[in-house]
Amino acid sequence: MPQFELVSEFAPSGDQPTAIASLVRGIKEEKKSQVLLGATGTGKTFTMANVIQQCQRPALVLCHNKTLAAQLYGEFKDFFPNNAVSYFVSYYDYYQPEAYIPQRDIYIEKDSSINEEIDRLRLLATSALVSRRDVIVVASVSCIYGLGSPKDYLEMMIPLHVATEINRDDFLRRLVEIHYERNDIELSRGKFRVRGDVIEIWPAYEEFCYRVELWGDEIEKLSIIHPVSGESSKPLTDVYIYPAKHFVLPQSRVDAALEEIELELNQQLAKFQAEGKLLEAQRLAARTRHDIELLREIGFCPGIENYSRALANRKKGEPPATLYDFFPDDFLLFVDESHATVPQIRAMYNGDQARKSTLVDHGFRLPMALDNRPLKFEEWNNRRHQTVFVTATPADWELDQAEGEIVEQIIRPTGLVDPVIHIHPARGQVPHLIEQIKERAERGERTLVTALTKRLSEDLVGYLKEEGIRCEWLHSELNAIERVEVLRELREGVFDAVVGVNLLREGLDLPEVSLVCILDADKEGFLRSATSLIQTIGRSARNVNAEVYLYADAITDSMQQAIDETNRRRAVQLAYNEKHGITPETIKKAIRRGIEEEIQARQIVQQVAGAKNETQYITQEFLNELEAEMLSAAQELDFERAAQLRDRIHQLKREMTGGDIPVDRPGFAPSGGKQRGGKRGRGGSSGKGRAPFPGKGR
């Protein structure tokens, strides 16, 4: 069985050795919870990697957003190149959940866009967990949602061994049962191709294909082949093909589930009729019976996850299987930036139940839909096993779990000290901000700016661009890959500044950033709490010229706490530097492309493998026609059609330019909404026809 092998040119230093020894000792003493209080830039990820290497246990690293997860995934891949490091986040680029608004009688159908490459990485994570122990999974909090039973996942796995007998037709049927599609023309991920006694399979979770060669009913040869050329690269003696989806069930289970669904349907219909809710009863009967017929005939229906309790043979109220169930009992859990991750886990269940209860009460779903849910906080807490909460600002709950014991790591091996904090009046903050950004840009350094709202960040970027500053906004409207790309481009010097809201607070490793500016720092609230301010201030702590400007007309209690804690850590680091004769230097760190490069590479492979290349047929006249059709749809109030055309135009323009040349995204603004830019035009308006940035002169 492979062992964890940490690869690094550095050895633990500063207070890392003490932190690593304390955490490892606590794990061996079977402590359920520990807190690693690690200041920004002290090498918390390196400490976690050393703990994993010394304990030799599978690990789950839990993050509160995709941006941080992507960064940690890249770092752990570097530390453990010979082990299985996986990435598990929500595979939706866009997700509109099913909902009903009774006050306006509006039903919103579920709408989503799945990122196929992230789906592949999710499947790769679970297939690694059931086949080996040297696994590290970096995941977002989406891992507490139902995933399908690991028992069913393993039972549906197809083992193949050279020189053993297998019926060809049975083998093909089993591939279909675990959601592989047959396509004898184009081989792509999650499909298989049959040529006589030669069967080629592209696993849904791999970058390569398997070729199975039969001689009668005997497996004569197994090999790995290139998905494009078909050239054999490695002979194998054994192959294990895992399902192409996480939700897989034998047909016998589906038949039993249909009986339970029909029983609950009849009970709910009787309830509605007794209450005089005839419309709700008719609606529920039509929708559910249609789903039952689809499940009976093809084994699938839209919204199948709402019947997961019956399909998984769970009892009412029983928690669903999640990613946690794929781990062995002795796995380690690292909750990174736990002060933000834990509250997010705590809030997820209640929001999900409120939305689904409305659907059930009005006849859109059966009551069993309520059991298609994330884990309750108590359920998550019971499943987490041995845990290390990693944060620079631990909350009371984490401290209570660790019984007040804290492993502190605040000394940076690089000698870098916490930034100098300046307070500047909020009035006139934007002109002063522009001066500071330009000053840093002349020195080849970068700036992070935090605003209070998404709209404010976009408007500020538009205004800064008018002043000649290369900048971009970053908030939740960008998908996971776009967020990582913006931060990489900031490091590369494409931008001199990035303006964000809350995504700039935790875990962003940006050594080129020497200045952090916090607008309206005296506006007390979640985004300007002591915890948030400390985290935001820490974003500049990887640069020797680090400074922070708090724009405020008064010093709040939160501001004073953040300033005091920053000064305390600064004093500790300065004393350490003087004792050891260290001269601080800015961290030199290679700019990785990481997870977004992997995804782009897979898309190129798929295109070469046979995806239709439309760019050679695109003309400007064709784009003009699409734009005219888009505007016409908007004028007719068909905003859904207009949005589809807008996205299509943007995609075609990007294909024409190879995706590297800035392309403004044509937009429309229904119901007074704002026009938005494309990938390179996200900075709000150009200033024409709108009021100046409201912060000017403030």
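Author: Two strands pair if DSSP finds at least two bridges between them. Helices (H or I, at least four residues) and strands (E, at least two) are DSSP runs, numbered from the N terminus. This model is predicted, so local features need pLDDT of at least 70, side-chain atom pairs need 80 or more, and totals for chains, interfaces and linings use all residues. Residues count from 1 along each chain as its sequence is written, and side-chain values use heavy atoms, without hydrogens or water.

Reader: How many helices and strands does the protein have?

Author: Count both kinds of element along the protein. The tally is 20 helices and 25 strands.

Reader: What percentage of the 698 residues of the protein count as buried?

Author: Buried means under 20% relative accessible area, exposed over 50%, partly exposed in between (1.4 Å probe, protein chains only). Across the 698 residues, the buried share is 53%.

Reader: Among contacts between residues at least 6 apart in sequence, what percentage join residues at least 24 apart?

Author: Contact means heavy atoms within 4.5 Å. Take the contacts between residues at least 6 apart in sequence. The share joining residues at least 24 apart is 74%.

Reader: Which strands stand at the edges of the open sheet of six strands?

Author: The strand order is β10-β11-β12-β13-β14-β15, and the pairing is mixed. An edge strand here has a single partner, so one of its sides lacks a neighbour in the sheet.

Reader: Which residue in β13 is the bridge partner of isoleucine 201?

Author: Four bridges join β12 to β13. These two strands run antiparallel. Across from isoleucine 201, the partner in β13 is tyrosine 210.

Reader: Where is glutamate 206?

Author: Start from two strands, β12 (198-202) and β13 (209-215). Glutamate 206 sits in the loop between β12 and β13.

Reader: Is glutamate 206 buried or exposed?

Author: The relative accessible area of glutamate 206 is 18%. That value makes glutamate 206 buried.

Reader: What distance separates the C-alpha atoms of glutamate 206 and arginine 120?

Author: Along the chain, the two are 86 residues apart. Yet glutamate 206 touches Arg120, and also Leu124, leaving aside residues up to four places away in sequence. The C-alpha atoms of glutamate 206 and arginine 120 are separated by 7.3 Å.

Reader: How many residues of β3 are buried?

Author: Check both faces of β3. Ala84, Ser86 and Phe88 on one side are buried, as are Val85 and Tyr87 on the other. The rest of the structure therefore largely encloses β3, and its buried count is five of the five residues.

Reader: Which residue in β8 is the bridge partner of phenylalanine 88?

Author: Five bridges join β3 to β8, and the two strands run parallel. For phenylalanine 88, the partner in β8 is alanine 139.

Reader: Which residue in β8 stands opposite leucine 60?

Author: Strand β2 (residues 59-62) runs parallel to strand β8 (residues 135-139), with four bridges between them. Opposite leucine 60 stands valine 137.

Reader: Which residues in α16 meet α17?

Author: The axes of α16 (residues 530-537) and α17 (residues 557-580) come within 8 Å and cross at roughly 45°. Angles under 35 degrees count as roughly parallel, over 145 as roughly antiparallel, 65 to 115 as roughly perpendicular and the rest as oblique, so α16 and α17 are oblique to each other. On the α17 side, the contact includes Met559, Ala562 and Arg569. On the α16 side stand Ala530, Leu533, Ile534 and Ile537.

Key. Axes fitted to C-alpha atoms, helices over the stretch in contact; angles between N-to-C directions.
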